[in-house]
Structures are given as C-alpha cells and as structure tokens.
Amino acid sequence: MARKPFIAGNWKMNLNHLEAIALVQKIAFALPEKYYAKVDVAVLPPFTDIRSVQTLVDGDKLSLTYGAQDLSPHDSGAYTGDVSGAMLAKLGCSYVTVGHSERREYHGESDELVNKKVKAALKHGITPILCVGEKLEVREAGEHLHHTTAQLMEGLKGLKAEQVKDVVVAYEPVWAIGTGKVASSSDAEEVCREIRVPLREKYGEEVASSVRVLYGGSVKSGNISELVAATNIDGALVGGASLDADEFTKLCALAA
Ligand code: PEP
C-alpha cells in the first residue's frame with residue numbers, strides 16, 4: 001500500500017510567537033502548495049505559539065498542518081499546567097507527539113501514561129505521533145528491536161485496529177536525537193520494518209501496511225533522501241533542522 005510521506009517539525013521549546021509567525025511565513029513561501037500533493041507537512045510549535053500558527057494557516061488557507069508536542073491524558077479538571085486534547089482540537093491541531101524521549105526522560109513518562117495520552121488524542125480527533133526508540137546501551141546490548149516494538153505495543157494497548165490505523169509511529173533512537181549522529185538508513189529501516197511485525201500480528205495486514213512510520217534523529221536535507229528511499233520509512237520527525245525554514249523546506253521537497 002502506498003503511504004504518503006510525512007515530515008513533522010518538532011520545534012521543541014524554541015521560538016517566541018513573532019519568530020513562529022516568521023518561520024511559518026518563510027515555509028509558506030519556500031514550499032509551494034503543489035508539493036503538498038506529494039508530502040504531508042506539519043509543524044509542532046510550543047503551546048504558546050499554536051494560536052499564531054493557526055491564524056496564518058487558516059488566514060492563508062495553507063496546506064501546512066500543525067499540532068502540539070504533548071497533551072494531558074485528561075479532558076479537563078484540576079491538572080495545573082496541563083493542556084487537554086479538547087483544547088488542542090479547538091485550536092485546529094491535527095497532530096500531537098506522544099511519548100517523545102525527552103518527555104519520557106525529563107518527565108518520567110511511563111508506557112502506561114503514553115498509552116493514555118494516545119487514547120486522549122484519538123478521542124479528540126488528533127493524530128498521535130507515538131515516539132518509540134532505544135537508548136544507546138539498549139542498542140549496544142542488541143535489544144533495540146525488542147525494546148522498540150515492546151514500547152510500541154504498550155503505547156497502543158487497548159486500541160482497536162481502526163484506531164491504530166490513525167496513529168503515526170516515530171522511531172527515534174535516543175542516541176540520535178539532537179546529537180548529529182543519524183542512524184544509517186539500513187539501521188533505521190531494520191527497526192521500521194520490525195515495527196510492522198507486531199502490528200501485522202495483532203491488527204492485520206491492512207493496518208500494518210497503512211500505518212506511517214517515521215524516522216527521527218538528526219535528520220537534515222543531506223540525509224533525508226536516503227532515509228525515505230527505504231521501503232518502511234515514510235518520512236521524518238525533525239527537531240533542530242525544523243527551525244531553519246530553508247533547511248526544513250528543502251528537506252520536505254526532497255521527501256516528496
Ligand atoms: C526530535 O526532537 O524528535 C528530533 C529528532 O530532534 P533532532 O532532529 O534535533 O535530532
């Protein structure tokens with residue numbers, strides 16, 4: 001089954017709202033609308049920039065989509081500092097990253113919490129980008145395939161096949177994030193291929209072959225072509241390189 005490539009730019013905790021507006025404007029000029037027939041593109045700003053991005057996307061009827069970097073597992077209530085899926089849906093968010101390794105590491109997010117967040121996103125019609133991937137010591141121990149697929153299946157626990165179809169998976173080896181050490185395309189392909197194995201076993205061939213699996217970890221315009229040429233890599237979750245409009249749009253055009 002042909003899967004449309006998808007590039008998502010994770011801005012992390014960067015850019016104020018003026019910088020966010022400038023970046024989206026530059027992306028809009030540098031990536032002509034015709035590209036969106038061949039590649040889906042999203043930006044994932046900090047919560048405080050989402051409204052600014054929404055105004056530009058809606059006002060100019062851009063095909064660029066946007067989302068958030070996290071959400072609460074709850075819909076509303078006494079959860080100081082949290083932002084719910086209902087709130088993100090109201091802001092027109094199409095995507096939300098869930099279980100990014102920085103959330104797992106700095107906020108102690110467990111697979112159980114990640115699973116609740118995946119469900120919360122789907123409940124509000126937002127596509128979760130479920131991030132999975134191993135730390136260096138796990139790879140060195142040769143446990144990366146088992147570790148990553150176990151994380152994936154925990155994150156999807158309790159979902160029906162038709163819900164899993166709506167999930168995007170991002171394989172992000174922790175040792176490659178923000179380090180400049182990109183996984184080789186064959187290493188990334190090995191894991192992205194393996195990710196489809198339990199999906200096939202549990203949810204069937206249609207789901208396994210339709211779920212988009214992204215690679216993330218030091219992706220740039222210089223390495224995207226080789227990555228997306230691999231059969232099971234359907235695009236990228238891009239951190240650092242998504243903050244530079246020229247680099248990001250070049251990368252998106254190469255993935256198209
Ligand atoms: C990320 O934040 O998900 C990421 C992959 O970052 P970078 O591209 O900077 O490695």
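Is Leu15 buried, partly exposed or exposed, and how many C-beta neighbours does Leu15 have inside 10 Å? Leu15 counts as partly exposed because 19 C-beta neighbours lie inside 10 Å, where a residue is called buried if 20 or more other C-beta atoms, placed from the backbone, lie within 10 Å of its own, exposed if 12 or fewer, and partly exposed in between. This is a predicted model, in which local features need pLDDT of at least 70 and side-chain atom pairs count only at pLDDT 80 or more, while totals for chains, interfaces and linings use all residues. Residues are numbered from 1 along each chain as its sequence is written.

**Loop residues with positive phi**

Leu15 is placed in the loop between β1 (6–10) and α1, helices (H or I, at least four residues) and strands (E, at least two) being DSSP runs numbered from the N terminus. Although Leu15 is not a glycine, it has a positive phi of about 75°. Lys61, in the loop between α2 and β3 (65–68), is likewise not a glycine and has a positive phi of about 50°; Lys61 counts as exposed, because 7 C-beta neighbours lie inside 10 Å.

**The helix pair α1 and α2**

Helix α1 (residues 17–30) and helix α2 (residues 47–59) have axes that come within 9 Å and cross at roughly 35°, the axes being lines fitted to C-alpha atoms over the stretch in contact, with angles that run from 0 to 180 degrees between N-to-C directions. On the α1 side the contact is made by His17, Ala20, Ile21, Val24 and Gln25, and on the α2 side by Thr48, Asp49, Ser52, Val53 and Leu56, two residues being in contact if their C-beta atoms, placed from the backbone, lie within 7 Å. By class, this contact of α1 with α2 has 5 nonpolar, 4 polar and 1 charged residues, where Ala, Val, Leu, Ile, Met, Phe, Trp, Tyr, Cys and Pro count as nonpolar, Asp, Glu, Lys and Arg as charged, and the others, Gly among them, as polar.

**The nonpolar core**

In soluble globular proteins, nonpolar side chains tend to be buried together. The largest nonpolar core here holds 73 residues, of which Ile7, Val96, Ile129, Leu130, Val169, Tyr171 and Tyr215 touch the most other members; such a core is a set of buried Ala, Val, Leu, Ile, Met, Phe, Trp, Tyr and Cys residues joined through C-beta atoms within 7 Å. Helix α9 (residues 185–203) gives the largest share of this core, 6 residues. Not counting residues up to four places away in sequence, Ile7 touches Val39, Val41, Gly235, Ala236, Val238, Leu251, Cys252 and Ala255.

Ala120 is buried, with 22 other C-beta atoms within 10 Å, and Ala121 is buried, with 28 other C-beta atoms within 10 Å. Leaving aside residues up to four places away in sequence, Ala120 touches Leu71, Ser72, Pro73 and Gly85, while Ala121 touches Leu71, Gly85, Val96, Val98, Ile126 and Pro128.

Glu162, placed in helix α8 (residues 161–164), counts as exposed because 10 C-beta neighbours lie inside 10 Å. Lys181, in the loop between β6 (168–171) and α9, is exposed, with 12 other C-beta atoms within 10 Å, and touches Trp175, Ala176 and Ser218, not counting residues up to four places away in sequence. The table gives C-alpha separations for pairs that include these residues.

| Pair | Separation along the chain | C-alpha separation |
|---|---|---|
| Ala120 and Gly85 | 35 residues | 6.2 Å |
| Lys181 and Ser218 | 37 residues | 6.3 Å |
| Glu162 and Val207 | 45 residues | 7.8 Å |
| Ala121 and Glu162 | 41 residues | 14 Å |

**Surroundings of the ligand**

Of the 14 residues around the ligand, Ile177, Gly178, Gly216, Gly239 and Gly240 come nearest, a residue being near a molecule or strand if its C-beta atom, placed from the backbone, lies within 6 Å of it. The residues of this shell divide into 5 nonpolar, 7 polar and 2 charged.
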